[in-house]
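My notes follow in the order in which I went through them.

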Amino acid sequence: MRQIRVRGAERRSARVRARLATAGVLALAAPALLSGTAQADGSARTTTTEQWTTRILAPGVTVRTGVVQHPGVEHAWTVTVQAPVVTRWTANDPDAPVTWAEVSTRAWADDTARKLTDAGLRPRVESVRWPDYADTPHGTMGYRVRVGRFATQAEARTAASAVTAAGFRTTASWTGYDIQEPADQENIHVAVIDPKTFDGTVEATHDGDVAQRETTSAVARKLNSLVGVNGGFFVLSPGDGVPGTMSGIGAYEGEWESMAAGSRSALVIEDGGHRVRIADLTSTVTARAGKAVYRIQGINRVPGTVRDCGRPGSTPSELPWQDVTCHLPDDMVRFTDAFQADLPTGPGVQAVLDASGRVVSVGARGGRVPVGGHVLQGIGRAADWLTAHAGPSGRIKVGEVVRTTDGRRVALGPGDSVVSAAPTLVRDGRIDIDAAAEGVVDPAYTSFGYAWANVRQPRTLAGIDGRGRLILATVDGRLTNGSEGFTLYEAAAFMKSLGAVQAMNLDGGGSTAMAVGGTLVNTPSDATGERPVGDTVQVLPAAH
């Protein structure tokens with residue numbers, strides 16, 4: 001859609017400027033939320049009302065806040081029957097616990113409905129369609145069984161007791177999260193940064209320590225940023241690695257601080273944000289001692305533990321799997337001095353290197369990364385390689401190569417940074433969601449990623465429009481009778497409606513946050529408030 005720029009608007013009154021900017025937002029935002037069934041995502045067409053306000057924070061930096069509503073839509077709480085399912089990693093394990101999902105086969109749905117009817121209940125069978133992803137089947141995904149429509153969650157939970165008594169597992173569901181019904185409301189924030197007129201910088205940052213978590217707004221206040229949003233996927237639980245470390249590729253101040261989980265989307269910020277692009281990236285890192293070479297599989301993570309999988313040799317998958325922790329028995333990991341926590345301990349060997357790659361010491365794992373140096377930790381065969389080749393005063397050279405899927409090398413300058421997540425949403429101006437390839441859904445096991453991708457959730461999104469402007473957007477979600485969020489497909493349609501020719505999904509859910517002038521402007525979904533996250537993207541004013 002053509003975007004209209006009003007020349008000289010900055011010289012007009014604040015009221016006129018806001019009205020003009022708001023009109024521009026309305027023209028851009030409406031199509032995404034009116035798409036309905038024409039988008040083949042199973043959503044319904046409905047009337048939409050919108051209210052938008054605009055703030056111009058600096059030349060080239062605009063923040064737009066909108067409330068999109070669908071009047072007349074009536075959602076309810078309902079009882080959803082859970083179906084027993086298998087997953088990719090439990091299908092061959094007879095001792096694995098049963099996994100549950102709300103969508104299964106027609107045979108299961110019909111049999112379940114019959115048993116519930118015999119028990120004196122009135123079930124309904126609903127078909128669920130595949131969203132229009134680029135690399136998954138189309139048409140019907142499966143069927144779910146539900147009972148009743150209730151005004152409150154408490155009423156639904158009370159009614160669920162009868163379904164449980166009939167021998168079924170249940171959950172209380174809010175129908176406003178279903179793609180089949182329009183959302184009641186979506187609370188949206190959109191920041192647009194024009195590198196042609198903005199004289200500040202844009203950067204991804206882990207705030208100097210990749211082994212920590214901090215809220216987006218706290219980082220924004222510390223850096224005095226104009227706008228900040230949360231960034232990529234990161235480790236939350238100690239069982240999955242070091243909390244705060246990134247589970248995908250990340251770079252800050254021109255240095256690679258984590259490796260790719262397979263080939264997944266990344267926002268590449270070059271020249272301090274004056275050039276931005278979105279690309280699927282892969283990474284290769286090698287350690288070389290003389291003629292001996294060993295492949296490093298991680299940067300700044302626990303050896304043997306690979307969150308989101310996607311590394312050669314990792315089990316149960318070498319492909320990216322969202323929110324799954326894989327393992328590597330033979331693993332070498334590099335730690336940079338941006339890792340400011342205690343190093344992981346346990347079986348294996350570590351070599352401490354100075355800035356030139358000279359071996360300072362070899363021994364048990366643990367301690368700290370020296371300032372200006374780095375550490376290699378190895379387990380299994382990687383430990384044997386370090387023992388054999390990390391001799392006193394010897395040298396180990398570490399080489400890093402990051403490439404796009406078309407083979408082009410990504411070389412970072414001092415003002416460059418990278419933040420990654422998944423999946424791609426818009427490519428070459430078209431909705432093009434490679435959900436299966438980037439490991440967020442699985443066509444063979446439809447329960448995998450179902451709620452993550454196909455149900456409305458809070459989302460943080462990044463895109464680039466046809467004029468080269470960076471778009472950072474958030475939508476609140478999980479707020480019953482409030483903002484319900486986007487599915488991945490709705491997120492893609494929304495970004496396309498803003499004029500994005502490239503767009504990707506950043507971390508979302510409880511991590512979704514936008515700060516303006518250091519103040520949190522959205523409403524996070526965690527009951528505890530804004531979630532401390534790994535990295536963030538910050539829009540910084542020019543230094544004067």
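**Entry 1, salt bridges.** I began with a network of salt bridges that links Glu102, Arg124, Glu126, Arg144, Arg146 and Asp178; a salt bridge is taken here as a side-chain nitrogen of Lys or Arg within 4 Å of a carboxyl oxygen of Asp or Glu. I note that this is a predicted model, in which local features need pLDDT of at least 70 and side-chain atom pairs count only at pLDDT 80 or more, while totals for chains, interfaces and linings use all residues. Residues are numbered from 1 along each chain as its sequence is written, and side-chain values use heavy atoms, with hydrogens and water left out.

For the element names I rely on DSSP runs, helices being H or I of at least four residues and strands E of at least two, numbered from the N terminus. Both Asp178 and Arg146 are buried, where buried means under 20% relative accessible area, exposed over 50%, and partly exposed in between (1.4 Å probe, protein chains only).

A search of the whole structure gave me 30 salt bridges. In another of them, Glu490 meets Arg456 with the closest N and O atoms 2.9 Å apart. Because Glu490 lies in helix H7 (residues 488-497) and Arg456 in the loop between helix H6 (450-454) and strand S27 (459-465), the pair ties together parts that are 34 residues apart in sequence. Glu490 and Arg456 are both buried. I also recorded Arg275 with Glu270, at 3.4 Å between the closest N and O atoms; Arg275 is partly exposed, with a relative accessible area of 49%, whereas Glu270 is buried at 8%.

I then traced an open sheet of 5 strands, in the order S9-S32-S10-S30-S31 and with antiparallel pairing; two strands pair if DSSP finds at least two bridges between them. Its edge strands, S9 (201-205) and S31 (519-520), each pair on one side only. Helix H4 (residues 216-223) packs on this sheet, touching S9, S10, S30 (514-516), S31 and S32, and its direction makes about 30° with that of S32. That angle is between N-to-C directions and runs from 0 to 180 degrees, the axes being lines fitted to C-alpha atoms, for helices over the stretch in contact.

Which residues of H4 are buried? I found Thr216, Ser217, Ala218, Val219 and Ala220, and these pack against S9, S10, S30, S31 and S32. Just after H4, Asn224 takes a positive phi of about 60°. Inside the sheet, S10 (residues 227-230) and S32 (residues 536-540) pair in the antiparallel sense over 4 bridges, and the bridge partner of Gly228 in S32 is Gln538.

Leaving aside neighbours within four places in sequence, I list among the contacts of Val539 (heavy atoms within 4.5 Å) the residues Ile193, Val202, Val227 and Leu472.

Lys397 and Ala287 are 110 residues apart in sequence, yet 5.7 Å apart from C-alpha to C-alpha. Ala500, in strand S29 (residues 500-505), counts as buried at 2% relative accessibility; beyond its neighbours within four places in sequence, its contacts include Val426, Ile464 and Met495.
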